[in-house]
Amino acid sequence: MTTEFASKEITMGDPGPTGRFGTFGGRYVPESLVPACIELEEAFRDAWADPAFHAELDHILKSYGGRPTPVTECGRLSRELGVRLLLKREDLAHTGSHKLNNVIGQGLLARRMGKSKLIAETGAGQHGVASATAAALFGMECIVYMGEVDTQRQELNVFRMELLGATVVPVTSGSRTLKDAVNEAMRAWVATVDDTHYCLGSVMGPHPYPWMVRQFQSVIGHEARGQCRDLLDGGDPDLVVACAGGGSNAAGIFAGFADATASALVAVEAAGGAAVTTGIPGILHGMRSALIQDETGQILEAESISAGLDYPGIGPEHAHLADIGRARYEAVDDHEVMDAFQLLARTEGILPALESAHALAWVMRAARSGEIAAGSTVLINLSGRGDKDVAQVRDILKGRS
Amino acid sequence: MSAVEIGTLESRLRASRDAGRKLLIPYITGGVDDQWLVTLEALAGAGADAIEVGIPFSDPMIDGATIQESSLRSLARGTTPEGVLADLSRVDVGVPIVVMTYYNLIYRAGHERIAGSMHASGVTGAIIPDLPLEEVDGWAAAAEPEDVATVLLVAPSTPEDRMAAICARSHGFVYAVGRMGVTGEQAVLADSARQVASRITAITDVPVCVGIGVSTPDQAAAVCETADGVVVGSALVRRLLEGCGPEGAAEFVGSLRAAIDAG
C-alpha cells in the first residue's frame with residue numbers, strides 16, 4: 001500500500017522567514033513582541049540544525065518521557081467497527097499526553113536562550129501540566145494561565161501543576177477559557193520577555209510557533225509511520241485520524257505521513273469549535289488562520305465538552321492543509337464523543353482523553369456509515385489519557401440517565 | 001513636503017509641533033457610553049491635538065484591564081466598526097481623529113471598504129497594534145489613497161535598524177511604546193518611556209508620541225521632555241468608566257494640557 005508522493009513540493013515544510021503556510025500563518029503581534037519572535041526563530045533554526053540539541057532532546061524523550069510510545073492494534077474494537085484500527089499511544093507518554101514532546105523541546109530551547117522562566121497557557125490542563133513538568137525538570141520558574149471556567153472543570157490538573165511547583169493564574173477576562181488564557185499569556189509575555197520564554201502549547205500563534213511546535217511534535221508521526229510499516233508489511237494506513245483544537249497532535253502525526261505516504265489525513269474538530277469546518281479566515285493570536293467569528297470580525301466563544309478543544313481557531317498549517325486538500329476536517333458533537341469514550345473503555349480497556357475521543361468518534365461514525373470502506377486500516381492518534389476527565393464524564397452520565 | 005504627500009494627520013501634527021506645541025492625544029473607546037461623542041468634543045475643547053478612538057475588539061491582546069473593560073462594555077452596547085465610523089461622521093470636533101483597532105476587524109471588513117468608510121467619516125489615521133511592519137503593506141496600500149495615515153509602533157525592544165525601517169513607514173506620527181507591557185496606569189513612569197522617545201526623535205522628523213504607561217500630568221510632562229507628544233488612554237478611560245462624564249474627562253485632559261505646556 002506504500003505510495004510515495006510524486007510531488008516535488010514539500011507539503012509540510014519550512015514556512016520560511018515570514019512563517020507562511022500558503023496564505024496562512026504570519027506574525028501578527030504588537031511591535032514589543034516582534035524582536036522576541038525573531039530571536040526565538042533564530043534560536044530554533046540554530047538548535048534544530050544542531051545534532052547535539054537533537055541528541056539531548058531524543059535522550060530526554062526516551063529516558064524520561066517514555067518514547068517511543070507504542071502502536072496498539074485494537075482487536076475487539078476493530079471487529080466491532082469492521083476496520084483494522086491502530087492507536088498511536090501518546091496517552092502512555094509521561095504526563096499522559098503528547099504535550100510533553102513540545103515542552104521538552106521548548107524547555108531545552110529556553111535554557112539555550114538563557115531564559116529562566118516559562119509561561120504557558122492551558123485549556124484542559126495537559127499543556128499546563130507538561131509545562132510545569134518541564135520547568136521542574138530544568139529548574140525553571142513556571143506560571144500557567146488558565147481560563148477560570150477551565151480551572152473549575154479541571155480542578156485536579158490545577159492541583160497537579162501546583163504540586164509540580166508552578167503558579168496557576170485563573171483568567172477572568174472574556175469567555176474565561178483557552179482563548180482568553182492565550183490573550184493573558186501574551187500580555188504577560190510582553191512585560192517579561194527579557195528573562196521569560198512563552199511556552200505556547202499548540203501549532204498556533206505567531207511565527208515561529210506553528211512550525212516549531214509541529215517540528216517538536218513530528219516525532220509522533222515519524223515513529224508511527226515506521227511502526228505501521230512494521231505491522232503492515234511495509235504498508236501505510238489508509239487513514240490517519242487525529243483530533244484538532246489548536247491542532248498540535250494532528251500536526252505531529254500528519255508530519256510523518258503528509259509527504260512520505262498517500263495515507264488520507266483526517267482532523268476531527270469539536271462541533272462547537274470547528275474552525276476549519278465552519279470558520280472563515282481571520283487574524284487572532286498572531287496568526288492568519290480559520291477562525292470562528294461574527295460578521296464584523298469579533299471572535300466567538302467556542303463550546304465543547306472538552307476544554308482542550310474549546311478554541312475558536314486552529315493552527316495556520318491546518319487551514320493550509322485543508323485549503324490544498326491534503327487533509328480533511330470533520331466535526332463531531334459531544335454525544336458522539338461520550339459514546340466513543342465509553343466504547344474504547346469497554347472494548348479495549350483504554351480511557352481516552354475527551355479530546356482524543358473526538359478522533360475515535362468520527363471513525364465510529366464513518367466506519368458505520370461506510371464512508372470508511374470495510375477492511376480499511378485506520379491509525380488514530382490517541383493524544384492523551386482520560387483520567388483527567390473521569391469526574392466530568394461521571395457527571396455527564398449521571399445527568400443523562 | 002506638501003500636505004497631500006504627508007497626509008492631513010501628519011501635516012496637522014507637524015504644524016503644531018513646529019510651532020513649539022507639545023502634542024496631546026487622549027484615547028477613548030468608541031461607543032463606551034451614550035455620551036461618547038459629547039466627550040470627544042469636550043476633549044477637543046480641553047486642548048487635545050488629536051483624539052484616538054478605539055474600535056472595540058473581543059480579544060484586545062495589547063490592552064490591560066481598563067481598556068479590556070471599556071471594550072467589553074462597548075461591545076455589550078452593540079458597538080460595531082461601521083457603527084463607530086457612522087457616529088464619527090456626524091461630528092466635527094475640529095481636531096484629527098485617529099482610530100485604534102485590531103487587525104481582524106479591518107481584515108474582515110476588507111481593506112478598501114473600511115479605509116473608504118474611515119475617510120468618509122473624517123478619520124485621518126489608524127493604529128493597528130497587531131499589524132507590525134512586515135504585515136502592513138496590504139492595509140497601507142488601501143489606506144494611503146483615502147488619506148488615512150498608518151501609524152506604526154516602536155517598542156523599547158525594537159533594535160536600531162528595525163526602528164529606522166518602521167519610522168520610514170509610519171505616517172501621521174510614530175507611536176513610541178513607553179514600556180514593555182500592556183496598556184494600563186502606572187504609578188511611576190518607566191525609564192524606557194523617555195529613552196525610547198529620544199532614540200526615535202534622533203532618527204526621524206515624523207512627530208513622536210509616547211503612549212502605554214503614561215497616566216498623570218507629571219508623567220506626561222516628563223515624557224514630553226524627549227517626545228513630541230503623549231497618548232493617554234487608560235487613565236482617562238478609567239475615569240469615564242467610573243462615570244466622570246464629558247466634564248470630568250475635559251477636566252483631566254485640561255490638567256494634562258496644562259502640565260505639558262508648563263513643562
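This is a predicted model: local features need pLDDT of at least 70, side-chain atom pairs count only at pLDDT 80 or more; totals for chains, interfaces and linings use all residues.
Is the crossing of α3(B) and α11(B) left-handed or right-handed?

1. Domains of chain A. The domain assignment divides chain A into domain 1, made of 21-61 + 98-198, and domain 2, made of 66-97 + 219-400. Taken over C-alpha atoms, the centres of domain 1 of chain A and domain 2 of chain A are separated by 23 Å.

2. Contact between the domains. Domain 1 of chain A contributes 31 residues to the contact, and domain 2 of chain A contributes 37 residues. On the side of domain 1 of chain A that touches domain 2 of chain A, two or more residues come from each of β2 (24-28), α4 (99-112), α5 (126-138), α6 (148-153), α7 (155-163) and α8 (178-192) of chain A. The largest share of this side, five residues, is given by β2(A). By class, this side of domain 1 of chain A has twelve nonpolar, 14 polar and five charged residues.

3. Helix pair in chain B. Helix α3 (residues 65-76) of chain B and helix α11 (residues 234-241) of chain B have axes that come within 9 Å and cross at roughly 50 degrees. Because of that angle, α3(B) is oblique to α11(B). In answer to the opening question, the crossing of α3(B) and α11(B) is left-handed.

4. Residues of the helix contact. From α3(B), the contact is made by B:T66, B:I67, B:E69 and B:S70, and from α11(B) by B:S234, B:V237, B:R238 and B:L241. The contact of α3(B) with α11(B) comprises three nonpolar, three polar and two charged residues.

Key: Residues are numbered from 1 along each chain as its sequence is written. Chains are lettered from A and ligands numbered from 1 in the order in which they are written. Domain bounds come from an automatic or database domain assignment. Two residues are in contact if their C-beta atoms, placed from the backbone, lie within 7 Å. Helices (H or I, at least four residues) and strands (E, at least two) are DSSP runs, numbered from the N terminus. Ala, Val, Leu, Ile, Met, Phe, Trp, Tyr, Cys and Pro count as nonpolar, Asp, Glu, Lys and Arg as charged, and the others, Gly among them, as polar. Axes are lines fitted to C-alpha atoms, for helices over the stretch in contact, and angles run from 0 to 180 degrees between N-to-C directions. Angles under 35 degrees count as roughly parallel, over 145 as roughly antiparallel, 65 to 115 as roughly perpendicular and the rest as oblique. A crossing is left-handed if the near helix is turned anticlockwise from the far one by less than a right angle, and right-handed if clockwise.
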